[in-house]
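Reader: Before I use these assignments, could you take me through the terms and set each value against its cut-off?

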Amino acid sequence: MRIRNKLTLTYTLIIAIILLFLNFLIYYFTVLNTKQDFYVKLKERAFIAGEVFLEQDELSPKLFQDIKNKFLQSLPNEIVKLYDKNDNPAFIDVSEQGIFTNDKINLARANKLVEYEIDNRQVVGICYDDNQGQFIVMASAVDLPGMERLMYLREELFLGFILSLIIVYLSGRFFSIQALKPMSNIVKEVNAIGASNLHLRVNQGNGKDEIAELAVTFNNMLTRLETAFEVQKDFVSNASHELRTPLTTIIGEIDVSLSKERNEVEYRKVLNSVLSEAERLSKMTNGLLDMAQTGFYNTDLVTEEVRLDDLLWESKSEVEKKIPGVKIHIEYTNMPEDASALIIKGNKQLLHIAFENIFENASKFSDNKIVTGHLEYATDKIRITILDSGIGIPEAEQKKVLDSFYRAENARNYTGSGIGLSLVNRIVQLHQGTLNITSEIGKGTSVELTFNTI
């Protein structure tokens with residue numbers, strides 16, 4: 001069943017139950033009030049009968065009937081009887097078996113008043129004290145006008161109930177369509193999005209209700225899918241473009257070496273060339289995989305508490321072990337009294353890759369001169385600056401070096417793939433940090449990283 005129909009029927013059912021309950025209450029209390037009003041009339045009739053027959057003994061039944069017809073409104077199927085202390089009919093001798101029973105007469109005598117029903121007939125009995133003794137006056141009638149009013153009420157309630165259900169169903173249908181219209185629009189928009197247009201997003205409406213939350217969820221999912229597609233696309237494109245050259249070189253070197261017999265020196269030369277290209281290929285592959293990893297982490301970054309001063313020192317040690325001759329000096333400024341102030345939420349593995357890349361670049365482009373890593377604590381921020389005294393970056397190219405595989409003109413004589421700074425920039429962005437590069441040709445480069453503390 002469609003949600004629209006289910007909402008409409010559920011809404012109609014709830015209202016129907018409420019209406020039935022209200023109609024029952026209205027009818028029930030109307031019946032009680034109608035019966036109570038008629039009991040009051042019967043009590044008045046019984047009291048008048050007592051007044052007429054017991055206070056004025058000389059009146060005959062015929063005279064009483066004349067008085068009743070003249071002064072009293074007739075009640076449908078009315079029967080009035082008076083009983084003496086021996087439960088014998090007095091004054092009015094009308095035989096009516098089964099209505100005024102001895103037990104009811106005795107109950108009226110004991111309680112001074114009795115009210116009861118027999119089929120549709122209502123009966124009232126009162127105790128009337130007179131100088132001739134105690135008498136019981138029993139009055140009975142059928143409330144035909146009241147029953148007619150109740151019949152009309154039932155018909156009106158039933159008709160009102162049916163009309164109300166029709167109105168409730170139509171209004172429920174209308175409101176369910178209006179309420180679910182944004183969802184229908186979302187379905188149409190989602191169906192229109194495919195692999196070729198993952199950049200499209202679902203309209204989030206007012207951004208406050210549950211439909212908006214659903215749209216936001218869809219958009220987040222589309223963002224993750226788009227990221228995954230872009231990462232895959234970039235990886236395939238970059239791998240096919242950048243890995244082709246070293247692979248071609250390796251294959252060419254091996255092919256040439258196998259074309260004829262060569263001496264040991266020539267073989268060593270070929271193997272060294274192949275090794276160099278293989279190492280270049282390995283670095284490039286690792287860089288591509290790291291970039292792909294940061295792309296996937298963009299939507300689901302696994303974080304932990306990381307102390308940046310410790311991580312900076314660990315990265316320095318790793319680079320010094322990996323590249324002999326590297327000289328890295330670490331400085332600390334304005335350190336907080338509480339070391340926990342240097343903790344950020346981040347992915348330790350990715351931050352390690354970022355710091356190592358900067359240290360390696362700084363050392364490589366400064367020909368293994370001293371590289372300085374400077375950590376400074378400011379309120380709620382940690383600033384890490386890595387300085388070298390290398391060849392520098394031309395001012396016009398300082399922003400371009402953050403693009404994947406871009407290499408500055410003066411860096412062409414140095415081995416590299418152009419992935420390092422692009423990878424660092426992506427990692428810093430993942431951690432809501434900032435990266436700034438300042439450089440001067442022939443004097444060196446400064447790479448500044450800023451992170452927010454917890």
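Author: What follows is a set of questions on how the terms are applied, each with its answer.

Author: The model is predicted, so that local features need pLDDT of at least 70 and side-chain atom pairs count only at pLDDT 80 or more, whereas totals for chains, interfaces and linings use all residues. Residues are numbered from 1 along each chain as its sequence is written, and side-chain values use heavy atoms, with hydrogens and water left out.

Reader: What makes up the secondary structure of the chain, and how are helices and strands defined?

Author: The chain has 10 helices and 12 strands, where a helix is a DSSP run of H or I with at least four residues, a strand is a run of E with at least two, and both are numbered from the N terminus.

Reader: What makes β7 and β11 the edge strands?

Author: The open sheet has five strands in the order β7-β9-β10-β12-β11, with mixed pairing, and β7 (328-333) and β11 (434-440) each pair on one side only. Two strands pair if DSSP finds at least two bridges between them; β11 and β12 (residues 444-452) have seven bridges, in the antiparallel sense, and therefore they count as paired. Within this pair, Leu 435 has Leu 449 of β12 as its bridge partner.

Reader: Which strands does α10 touch, and what is meant by contact?

Author: Helix α10 packs on the sheet and touches β11 and β12, its direction making about 145 degrees with that of β11; contact means heavy atoms within 4.5 Å, and angles run from 0 to 180 degrees between N-to-C directions, with axes fitted as lines to C-alpha atoms, for helices over the stretch in contact.

Reader: How are α9 and α10 placed relative to each other?

Author: Helix α9 (residues 348-365) and helix α10 (residues 420-430) pack at about 145 degrees, with their axes 9 Å apart. Residues that meet there include Leu 350, Ile 353 and Ile 358 in α9, and Leu 421, Val 424 and Ile 427 in α10. By class, this contact has 10 nonpolar, three polar and no charged residues, given that Ala, Val, Leu, Ile, Met, Phe, Trp, Tyr, Cys and Pro count as nonpolar, Asp, Glu, Lys and Arg as charged, and the others, Gly among them, as polar.

Reader: Why is Leu 387 called partly exposed?

Author: Buried means under 20% relative accessible area, exposed means over 50%, and partly exposed lies in between (1.4 Å probe, protein chains only); Leu 387 has 35% relative accessibility, and therefore it counts as partly exposed.
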